Amino acid sequence: MNRNLADGLNFFSKATPKRLLNASGIVSSYLYSRATRKPVHRGMPVSISFEPTTSCNLRCPECPSGLRSFTRPTGMLEEELFKSTIDQLHDTLMYLLFYFQGEPYLHPQFPGLVRYATSRNIYTATSTNGHYLNDENARRTVESGLDRLIISIDGTTQETYEAYRKGGRLEKVLEGTRNVIAWKQKLRSRTPHVVFQFLVVRPNEHQIGEVKALAKTLDVDEVGLKTAQIYDYEQGSDLIPLTDRYSRYERTADGRYRIKSKLLNHCWKMWHSCVVTWDGKVVPCCFDKDAHHTMGDLTTTSFETLWKGEAYQQFRATLLNSRSKIDMCKNCTEGTTVWA
């Protein structure tokens, strides 16, 4: 069977009548809200991202974790908070991404957190820089039931790789990938679906063909080519690709740069998903990296109260009528990954 098809079937196997009914309520209320500009919302999130930690071993130049530039606290997700949230959401939740900022495998209980979500029949995924996938962690990853493992690999040579992944070692990433594939074979497991994520920047765009060939050699299931978010893009950047297809930005007549996509007054993410920081703050999406738009705190409030509360409804109303007033939306594009 085609591996991408198998992964898709695995995801849809998580559907239950209650989850499907919930999803239909979200879709219908979103479409109604777009048409009327009124923030009507029915249902609970289908997808959430949980942040295991803000800590990271690398120093990538366009990442708050790598730059150590957070104004919010850093720390590790508490197991009790995580389990409590999953217990509140598991009836309707289908997709759980263990990632926001930081490196998930720095969390000492990470495989156990995955296993708990897996036991609730939720599709689980994570994104890692691949430096901690030693033999033991690779085995524990496969045994945890993780459905999708996204490994960042932004170059096929050390020189190109470290142009963005500052402090990283490509050979560690390749070794970790081999470990996971080997344990999948040993345990006769179809999961996790292993994805090489290639963040296309100017230093590595010439290696797109090479990373596809490398993935095939290692028996990686899929390659995703992702466009890069640049914070100070107006004056240009050495990281903006020359290949137009892989750039979120375009050069204007006066030599400055602008985002290609239009800032439309709607956002599907505000209806079906959210992000939970390591300390229980709920923020609208992954663009709010410093949690400036906190919708509430799960250490003091139930998820449903927060999700349907005044702060969230006001935020949805603002983006439906004047999204340009929300600063983080100005550098946002949806559909930023090109699957290869």
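This is a predicted model: local features need pLDDT of at least 70, side-chain atom pairs count only at pLDDT 80 or more; totals for chains, interfaces and linings use all residues.

Residues are numbered from 1 along each chain as its sequence is written, and side-chain values use heavy atoms, with hydrogens and water left out.

**Salt bridges**

Side chains of opposite charge can pair when their charged atoms come close. A salt bridge is here a side-chain nitrogen of Lys or Arg within 4 Å of a carboxyl oxygen of Asp or Glu, and by this rule the count comes to 19. Three of these pairs are set out in the table.

| Pair | Closest N to O distance |
|---|---|
| Lys83 and Glu79 | 3.0 Å |
| Lys260 and Asp244 | 3.1 Å |

Helices (H or I, at least four residues) and strands (E, at least two) are DSSP runs, numbered from the N terminus. Accessibility is described with a 1.4 Å probe and protein chains only, where buried means under 20% relative accessible area, exposed over 50%, and partly exposed in between. Arg3 is partly exposed at 37%, whereas Asp221 is buried at 16%. Both residues also take part in a network of salt bridges that includes Lys184 and Asp219.

Lys83 and Glu79 are four residues apart in helix α4 (residues 79–89), so about one helical turn separates them. Lys83 has a relative accessible area of 28% and Glu79 one of 34%, and each is partly exposed.

Lys260, which is partly exposed at 29% relative accessibility, forms its salt bridge with Asp244.

**The second largest pocket**

A pocket is an open set of points on a 1 Å grid over the protein atoms alone, with protein on both sides within 12 Å along at least five of seven lines, and lining residues have an atom within 4 Å of a point. The second largest pocket is lined by 17 residues, and Gln229, Tyr231, Phe287, Asp327 and Met328 lie nearest its centre.

**Asn137**

Asn137 lies in helix α6 (residues 135–144) and counts as buried because its relative accessibility is 13%. Apart from neighbours within four places in sequence, Asn137 is in contact (heavy atoms within 4.5 Å) with Tyr105 and Tyr132.

Technical notes:
On a 1 Å grid over the protein atoms alone, a cavity is a set of points where a 1.4 Å probe fits but cannot get out, and a pocket is an open set with protein on both sides within 12 Å along at least five of seven lines; lining residues have an atom within 4 Å of a point.
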